[in-house]
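Please look over the chain shown below before reading on. The briefing that follows takes the chain as a whole and then turns to a few of its parts.

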Amino acid sequence: MSKKWIYGGFGFLIFLVAVFIPQGKASAFHDVPEKYETEIHYLIDRGIIKGYPNGNFGPDDPVTREQAATMVGRALGLDGRQRNTVFPEVDASSYASGYIQSAYEEGIITGFTDGTYRPKKAMTRGGMAYLISKAFSLEEQSSVWYSDVSRSGSQYEAINKITTAGIANGYSDGTFRPTQSITRTEFSLLLARGMNDSFKVSQEEGVIEERVTTDVLNVRSGPSTSYTRIGQLAKGAVLQVHEVQGDWLKMTAGSLKGYVHKDYTVRKTSGSRVIAIDPGHGGKDGGAEFNGLVEKEINLNVSKRLRDYLENSGVEVIMTRTDDTFIPLDDRNSYAVSQGADTFVSIHANAFSDPSANGTETYYSSQSLRVTDSKQLATFIQKRLVEALGTSDRGVKDVPYRVIKETTIPSTLVELGFMTNDSDASKLGSSYWRDKAAKGISQGILDYYEWKGK
């Protein structure tokens, strides 16, 4: 047995099996999904998957990070002796401590940026992609793309690699759902595909629909303006996107096949409106503090008012926080996406060393997946908010703030005004002006939804 195969099996086992009593043969399980019996029985018969003491497989149960490390360690024959680890919250008495430390030393698993491992946290589909691509030393990539995965960065590369290898694919709506927890059934399918080429799959094709936003959109024979124009689409026309090549979409619209520039289309929507409102800072992170004001309090107060205005207008609102709670930046947008939000707005108040600096500004990031939508959202909000507050218009700016950069949905960050400026601060501390700000932002959001045709 080759070392590569061993590591590959190990990488998948990391996800598959909880630490329970082994059940042996497939007949011992009562709840194996019929649709996936072949793949799951393939693993059970080889003693790779183990079930629960009650004889169940638990097809829909999530796999935790400590279960993953334990199975990886057992698969590779790593040292599982319980002992201290490099992760502060993994106690030496934990059944998984030895395997977690051994896997860490082998470079197979890593912790989070804050130095923790979070052993009870469920493994996500994105996390799965990292581990599998490492386990199998996958390098080949292709033109794979998913509507909810930014086309750059290490996560995209990992997801691309496992898709290109035929180990994983997306859902029928064109998404990969990297933040979604992965189940034992899903892990089983991934493992079987990694071990047996006959189980491998291909990516779903042609399921993303976009709508034309300009009066006339040229369709070209290739991905640049140097290619011949082969047709045109009118505003409102719907097209199916099969691939993204830089700024160009490979598409079909009826019998017309070609390329269009992505700046002139937006995602075709079902008509529902689901927005995530993110009150910046919170908990131990108070943000700026000037003129007797605390930023986290301003952000939350305005966000709650904004929520009420939007809900009264028929918009479903998801709040990243509703009280004085600290939430890591990376968890804010991922939470919004996992809850089905189609748009993300983060609320903040500004500060600067020069007290004469004043006014309102709104940001988007050109590094995000939905640049055109994000910029338009920021533009609508900026216009309405300046009108509502009567503050100086500092404009719409392209800045790669983390909370709006690493996102798969249209996202913007609003700076209401400067806490360090006496005039702006007087409004930021006023209930009347906070309400005016919330109403203005809500109107900008509704303008955006109208533009989207939702």
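**The chain as a whole**

Within the protein chain, 72% of the contacts with a separation of 6 or more are between residues 24 or more positions apart, a contact being heavy atoms within 4.5 Å. This is a predicted model, in which local features need pLDDT of at least 70 and side-chain atom pairs count only at pLDDT 80 or more, while totals for chains, interfaces and linings use all residues. Residues are numbered from 1 along each chain as its sequence is written, and side-chain values use heavy atoms, with hydrogens and water left out.

*Overall make-up*

- The protein chain holds 13 helices and 15 strands, where helices (H or I, at least four residues) and strands (E, at least two) are DSSP runs numbered from the N terminus.
- Of its 454 residues, 52% count as buried, with buried meaning under 20% relative accessible area, exposed over 50%, and partly exposed in between (1.4 Å probe, protein chains only).
- The accessible surface of the protein chain is about 19,800 Å², and 47% of that belongs to carbon and sulfur atoms; such areas come from the Shrake-Rupley method with a 1.4 Å probe.

*Helices H8 and H13*

- Helix H8 (residues 295-312) packs with helix H13 (residues 431-452) at an angle of about 50 degrees, their axes being 8 Å apart; axes are lines fitted to C-alpha atoms over the stretch in contact, and angles run from 0 to 180 degrees between N-to-C directions.
- H8 and H13 are therefore oblique to each other, since angles under 35 degrees count as roughly parallel, over 145 as roughly antiparallel, 65 to 115 as roughly perpendicular and the rest as oblique.
- Residues making the contact include Ile298, Val302 and Leu306 of H8, together with Ala438, Ile441 and Ile445 of H13.

- Helix H4 (residues 97-105) is mostly covered, as seven of its nine residues are buried, among them Tyr99, Ile100 and Ala103.
- Just after H4, Gly107 takes a positive phi of about 75 degrees.
- Arg118, in the loop between H4 and helix H5 (125-135), has a phi near 55 degrees, a positive value in a residue other than glycine.
- Arg118 is partly exposed, with a relative accessible area of 27%.

*His281*

- Most residues other than glycine have a negative phi.
- The phi of His281 is near 65 degrees, a positive value, and this residue lies in the loop between strand S8 (274-279) and strand S9 (289-290).
- His281 is buried, with a relative accessible area of 18%.
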